[in-house]
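Trainee: I am new to this structure and would like a close look at a single part of it. Please take me through that part slowly.

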Amino acid sequence: VEVVVANPFKGSVDSDKIWQTGYSTKGTNRGLCLSNYREILDGYQHVLRETRISDHRFTQTITIPVQEQP
């Protein structure tokens, strides 16, 4: 299963800071989602995540392998 979420942005994104709680390109009192997202997904060893930043588009891809039932 693959889930892709893409959002446009203006300006620039500091890819070293995007995972820090409170960092946002959209102002104050924001910046919780990506740090929470990372913390949750880090608890699942088989779930893959990919972050792409290009052409003023920020894209998160989550890949969840489907396990076959016996």
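Trainee: How much space lies in the largest pocket?

Mentor: This is a predicted model, in which local features need pLDDT of at least 70 and side-chain atom pairs count only at pLDDT 80 or more, while totals for chains, interfaces and linings use all residues. Residues are numbered from 1 along each chain as its sequence is written, and side-chain values use heavy atoms, with hydrogens and water left out.

The largest pocket holds about 560 Å³ of space; a pocket here is an open set of points on a 1 Å grid over the protein atoms alone, where a 1.4 Å probe fits, with protein on both sides within 12 Å along at least five of seven lines, and its volume is the space filled by probe spheres set on the points. Its lining (residues with an atom within 4 Å of a point) numbers 22 residues, and Asn 7, Lys 26, Cys 33, Leu 34 and Phe 58 lie nearest the centre. At least two lining residues come from each of strand 1 (2–8), helix 1 (33–41) and strand 3 (57–63), where helices (H or I, at least four residues) and strands (E, at least two) are DSSP runs.

Two of these elements are strands of an open three-stranded sheet with the order 1-3-2 and antiparallel pairing, two strands being paired if DSSP finds at least two bridges between them. Strand 1 and strand 2 (48–54) stand at the edges with a single partner strand each, so one side of each has no neighbour in the sheet. Seven bridges join strand 1 to strand 3, and Pro 8 has Arg 57 in strand 3 as its bridge partner. Helix 1 packs on the sheet, touching strand 2 and strand 3, with contact meaning heavy atoms within 4.5 Å.

Note on methods. Axes are lines fitted to C-alpha atoms, for helices over the stretch in contact, and angles run from 0 to 180 degrees between N-to-C directions.
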